[in-house]
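Subject: Structure handover

Hi,

Here is the structure for you to look over. My notes follow directly below it.

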Amino acid sequence: MDGERPVRELQERAARALPVEHVRPLGEWSLRHTRGPSWWAGTVLPHGDPGPGDLTRGIVEAEAFYAGHRTRSRFQISPACPGDLDPLLAERGYLRVNAVSLQAAPTTRVLERLGDAPLRIRLDERPTAEWFRTWQAVNGRGGSRAEWDMLTRLDLPCAYACAVAGGVVAVGRAVADTGWTGVFGMAALPGARGRGAARGVLAALARWAAERGTARMYLQVEPGNAPALRLYGRAGFEEVCAYHYRVARREKASGVSDPVAEKL
């Protein structure tokens with residue numbers, strides 16, 4: 001899995017699994033914007049060449065795109081990006097935020113290592129109100145019509161898993177795309193942690209991936225999320241690469257509406 005191409009292909013699959021409202025191509029780059037608090041879905045995917053001119057011109061065009069949507073410009077920075085982009089954004093005052101580990105594993109390995117689920121797991125093809133409420137309860141952001149709309153726009157094969165113990169106590173979703181299955185939205189209520197709920201959800205999604213004929217799985221996890229890292233490590237996931245984001249300072253985008261400004 002070493003090299004720029006596999007990373008680029010995985011991150012582009014992940015972008016398709018989070019279909020945003022507005023996408024503007026800029027050479028090989030994708031400028032993406034969507035409403036709601038899931039700001040990482042609405043970042044620049046700066047793979048390859050932004051077209052005629054230099055990187056600075058691409059950055060300026062991206063800033064104009066996000067200013068038009070009254071939000072700050074954000075770039076996802078990974079080994080698939082031009083090598084000069086990250087230092088150039090730093091020179092322009094962009095903040096480095098939100099380190100992420102992109103991980104992958106063979107589907108058969110995940111199935112072998114996780115075994116049977118200790119709780120009942122229900123799979124649905126579309127998001128349900130129960131699934132969404134549990135995911136939002138763990139993420140602490142309350143209901144968001146924009147995020148619900150983003151899920152319902154998705155037209156790739158999907159599975160929404162719910163671990164049930166008197167109610168839905170843990171959730172996750174999977175998206176199959178060109179031989180791979182991506183895992184997203186893994187969340188367990190505090191009372192369900194340590195009871196195998198998340199493990200059961202991941203195992204059910206792996207079984208679904210195998211039934212779809214996808215030989216490999218991938219996911220994205222924050223390096224500080226120790227419980228998730230332990231689960232994914234036990235399941236056989238290994239890091240493909242680390243990546244992070246660059247976010248424009250507020251003074252570069254005065255007057256914008258920014259739902260995550262207080263976090264940066």
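A161 has G172 of β7 as its bridge partner. That pair belongs to the contact between strand β6 (residues 158-164) and β7, which run antiparallel and are joined by seven bridges. Strands count as paired if DSSP finds at least two bridges between them. Helices (H or I, at least four residues) and strands (E, at least two) are DSSP runs, numbered from the N terminus.

Before going on, the ground rules. This is a predicted model, in which local features need pLDDT of at least 70 and side-chain atom pairs count only at pLDDT 80 or more, while totals for chains, interfaces and linings use all residues. Residues are numbered from 1 along each chain as its sequence is written, and side-chain values use heavy atoms, with hydrogens and water left out.

**Strands β6, β7 and β8**

The hairpin of β6 and β7 has three residues between the strands. In that hairpin, G166 takes a positive phi near 85°. On to the next pairing: β7 and strand β8 (residues 180-188) are antiparallel, again with seven bridges. Here V175 stands opposite G182 in β8. Two residues lie between the strands in the β7 and β8 hairpin, where T178 has a positive phi near 50°.

How many residues of strand β7 are buried? Ten of the ten, so β7 (residues 168-177) is largely enclosed by the rest of the structure. Buried means under 20% relative accessible area, exposed means over 50%, and partly exposed is in between (1.4 Å probe, protein chains only).

**Helix α5**

Helix α5 covers residues 129-139. Its buried residues are W131, F132, T134, W135 and Q136. These buried residues pack against α6 (145-153), β6, β7 and β8.

T134 is buried, at 6% relative accessible area. Leaving aside neighbours within four places in sequence, T134 is in contact (heavy atoms within 4.5 Å) with V168, V169, A170, V171 and L189. W131 touches L151, Y160, A161, C162, V171, G172, R173 and G185, not counting residues up to four places away in sequence. Just after α5, G140 takes a positive phi of about 70°.

**Nonpolar cores**

A nonpolar core is a set of buried Ala, Val, Leu, Ile, Met, Phe, Trp, Tyr and Cys residues joined through side-chain atoms within 4.5 Å. The largest has 31 residues. Which of them touch the most other members? L102, W131, V171 and Y218 do. The elements that give two or more residues to this core are α1, β4, α5, β6, β7, β8 and β10. β10 gives the largest share, five residues. A second, separate core of 30 residues includes L114, A170, A209 and L219.

**Salt bridges**

Side chains of opposite charge can pair when their charged atoms come close. The rule used here is a side-chain nitrogen of Lys or Arg within 4 Å of a carboxyl oxygen of Asp or Glu. By that rule there are 13 salt bridges.

- E12 and R8 meet in a salt bridge at 3.0 Å, N to O. Both lie in helix α1 (residues 4-16), four residues apart, about one turn of the helix. E12 is partly exposed at 23% relative accessible area, whereas R8 is buried at 10%.
- E63 and R92 form a salt bridge, with the closest N and O atoms 3.0 Å apart. E63 lies in helix α2 (residues 55-68) and R92 in the loop between α3 (85-91) and β4 (95-106), so the pair ties together parts that are 29 residues apart in sequence. E63 counts as buried at 19%. R92 is partly exposed at 26%.
- D86 and R246 form a salt bridge, with the closest N and O atoms 2.7 Å apart. D86 lies in helix α3 and R246 in strand β10 (residues 238-247), so this pair ties together parts that are 160 residues apart in sequence. D86 is buried at 16%, and R246 is buried at 11%.

One network remains: E21, R35, R145 and D149 are joined by salt bridges that share partners.

Best wishes
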